[in-house]
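Student: Please examine one part of this model closely and describe its surroundings in a single connected account.

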Amino acid sequence: MPIMRFAGGIAIFAATVAGCGPTTASSSAEDLVPSEPTMINYGDPSQVNGLDVHTVTGGGPGDQRVHAVYPSLEGAPRLTGKLQRTVAEWLDRFNRGALGNAPGEKAWETVTPAHPEFNVDWQLAAVSSQVIGVRLRIGRSAGADWVESRTTVWYDRVDRRALDSDALLRGRPELAELAVLVKGRLAGSRPEVNPGAIGPEAELFDSLAFNPRGDLVVEFDDHQVASASHGRVAVAVPASEIGPLLSATGVRAQRAAVKAVAGMGAVSPQRTIRETSIPRPRAESSRAGSVDCAKAKCVALTYDDGPGPGTGRLLDVLGGHRARATFFSTGTNASAHPELLRRMMREGHLVGNHTWSHRDLTALTDSKAADQIDRAQCAITRAIGQAPGLLRPPYGVTDGRTASVAGRLGLTLVGWSVNTGDERGADAKTIADRAVAGAGRGSVILLHDVRDSAVEATPDILRRLGRKGYTFVTVPELYGSQGMRAGGIYGSEGGPAAPGRPARP
């Protein structure tokens, strides 16, 4: 089968509800069939020394929903810079209203969506001592449409160069030959795929990687050779045919995919199923029950989107003040830094679910929303050995369908009652002032541990609220013996009130 196509459906939702399916540390809902030749075994980011994750939020005019993550690698500033520029260029086009049509894509219908959304997540296409490949998946909305582009950036550790995917080939003649090979495999495959759109343009071949057999996997963006509704279109060119076309970097990348370097292996879906199908206890703070919030003046600090580069420093600060917090982690970042999640739990904090890649759940079908939630659930459960019981929906946006999906997955939705605005570029003093001014007994305060300003504001928040007599606990402790119901919405105005704090109409 030369082409791979995936579509969401009730089958995915059923598998999700039943337990952790074939979700890997870097896999996606696109990658469900292990025998499919266009499937890539993505590398485990937690096994790569010196890897960190950068998060971009906001950055757009109006009510745009922006969330993008990409990795950096210690000692490889050219790779980090190229990834940063790639994400920034896509976001700039999105903000300018172009909505990010990739080269070779058909122009989108002119639509003014109610809530435009821009989202980037990533996987490691290969990792070795000689090469590393980072695959970015760039999604954006225009009205009811969701369109994705895929681009894979390669870093040659031998030559210390950050390269586009076409650099896996020797040169332009080899690119032209690859175009012929791919066109031949697309011809007659499906009526909705247009092989005539294939030519020797580097922009069409900007996402190249290798499967475990060494075949070259060529991915296309939505609208390049088929409509977005067709799903991912990819072609596998056999290793025997692609070998003569490869550059030195291409050979290194192929070797990395075929035989992973010890300690930097790929994550197999089968292994993940075995690890995550075992029932896990519900996550709770190791110090739960040590504070009675019906008597004490409690407040909950919550941190979204991490772990990030400053999370370790933040944990030091919280520990120094004997304060506990609730961390809502995305699956992508949890997979990169599981050791930080384990530290959170050891130190009395609580880890909750913030979806896999921070998509607006209300814009997704039930099955796709469940997949976003469940993939993060599996990543966090693998890290801490416990199953999160709390879900914070991205952007704080929820509706009846989202609550229903969360309830079926056994998760409670958590909002906030105090927004410090740290995601909008506020400085540390302003963030602390907002937190202190808005806090009351039973308040849930929103911060982001991927923001340096929020990390810097935390000591001031702890000191000032501590002087006012507040005790810092995890979210479930606010509700004491009355507990939190799966599918319920807590922590936000109008939701169930914590003891001592009346709900507002």
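Tutor: Strand 11 and strand 12 (residues 350-353) run parallel and are joined by 4 bridges; strands here are DSSP runs (E, at least two residues) and helices are DSSP runs (H or I, at least four residues), numbered from the N terminus. Two strands count as paired if DSSP finds at least two bridges between them. Within this pairing, phenylalanine 328 stands opposite glycine 352 in strand 12.

This is a predicted model, in which local features need pLDDT of at least 70 and side-chain atom pairs count only at pLDDT 80 or more, while totals for chains, interfaces and linings use all residues. Residues are numbered from 1 along each chain as its sequence is written, and side-chain values use heavy atoms, with hydrogens and water left out.

Strand 11 also pairs with strand 10 (residues 298-304): 4 bridges join the two, which run parallel. There, tyrosine 303 stands opposite phenylalanine 327 in strand 11. Strand 10, helix 7 (residues 311-320) and strand 11 together make a right-handed β-α-β unit; right-handed means that, with the strands pointing away from the viewer, the path from the first strand over the helix to the second runs clockwise.

As for burial, 5 of the 5 residues of strand 11 (residues 325-329) are buried, so the strand is largely enclosed by the rest of the structure. Buried means under 20% relative accessible area, with a 1.4 Å probe and protein chains only. Both faces of strand 11 are covered: Thr326 and Phe328 are buried on one side, and Ala325, Phe327 and Ser329 are buried on the other.

Terms used: Buried means under 20% relative accessible area, exposed over 50%, partly exposed in between (1.4 Å probe, protein chains only).
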